[in-house]
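Please look over the sequence and the model before reading on.

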Amino acid sequence: MEPSRKRSTRDSNLKKRLATAAVGIPAVLSLAYVGGVYWTAFIVLVAGVGMHELLTMARPKGYRPSPGLAYLVLLFLLAGFGGSGWFLPGYFEPGLLGLIALSGVLLLLGFPRCSLVDLSLAWMGALYLGIFLSYGVLIERELSHPFFALLMVFGITWASDTGAYLAGRLLGKHKLAPMISPNKTWEGALGGFCLSMLVAAGIGCLSFSPGFSLLLGAAGSICAQVGDLVLSAMKRHFGVKDSGQIIPGHGGVLDRFDSFMWVLPVVYYFFKGG
């Protein structure tokens, strides 16, 4: 591709990203502020679309994970963990046993077309999304100031992403994980780490000690960057650039919420203990 065409494509993608962010950020923050069933529905939607993207990425490689099993396990885990047993009082263990038994039956009836790898992919996707995203529901249900906690989640996530991008572009020289994500650098990772601590300290300045906020920002940024690299490894394995195309200029839902998922439990446990 010619340099001028590359520049034009890059500028076009940047405009799409900014336009999407201008609409998406206020919308998501509004849902977090309103909370209740609206926020829970948003978390379920993110989990469901993310599951669809994982299943879609796997198929070109020849895998055939069962969508029915994947969505069933996903919803079960969201209800069981996110609802803290409220949705399934006394039935979590039997329900989990039933789903494992169902997996065995699917393997038996679908053999050899249905393989252990296919079942493992369905379970891994559901476990990964269901348990991590359930903390989005737990924050809203169990913390005394859920919007403040979610604001901290978004602040750390966005600061880590932005800091890593800017520092990487300006100072990046040493590759962080060249086999997984060639464009990421140690300098970028440090930039995201530092900006996350500053943002966490700013958000938490009226409620927490500086040390607590800085530690939260540091832990959140580390987890955010690990979450980003985990999705990069998945995409590298499946041979795709983006997890999907549902968000203009940003790719898929997983591309946007990979770090957010990992920051949710960090903020939940910090706020619970603090």
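In which loop does Pro112 lie? In this predicted model, Pro112 is found in the loop between α4 (92-110) and α5 (116-142). The peptide bond that leads from Phe111 to Pro112 is cis, and its omega is near 5°.

The crossing in which α2 passes α5 is right-handed.

| Helix | Residues in the contact |
|---|---|
| α2 | Gly36, Trp39, Thr40, Ile43, Val46, Ala47, Gly50, Met51, Leu54, Ala58 |
| α5 | Leu121, Ala122, Gly125, Ala126, Leu129, Leu133, Gly136, Val137, Glu140 |

Taken by kind, the residues of the contact of α2 with α5 divide into 13 nonpolar, five polar and one charged.

Elsewhere in the chain, Ala233 has its place in helix α8, which spans residues 210-238. Is Ala233 buried, partly exposed or exposed? Ala233 counts as partly exposed because its relative accessibility is 31%, and the partly exposed class lies between under 20% for buried and over 50% for exposed. Ala233 and Arg64 are 169 residues apart along the chain, and their C-alpha atoms are separated by 20 Å.

Technical notes. Residues are numbered from 1 along each chain as its sequence is written. This is a predicted model: local features need pLDDT of at least 70, side-chain atom pairs count only at pLDDT 80 or more; totals for chains, interfaces and linings use all residues. Side-chain values use heavy atoms; hydrogens and water are left out. Helices (H or I, at least four residues) and strands (E, at least two) are DSSP runs, numbered from the N terminus. Buried means under 20% relative accessible area, exposed over 50%, partly exposed in between (1.4 Å probe, protein chains only). A crossing is left-handed if the near helix is turned anticlockwise from the far one by less than a right angle, and right-handed if clockwise. Contact means heavy atoms within 4.5 Å. Ala, Val, Leu, Ile, Met, Phe, Trp, Tyr, Cys and Pro count as nonpolar, Asp, Glu, Lys and Arg as charged, and the others, Gly among them, as polar.
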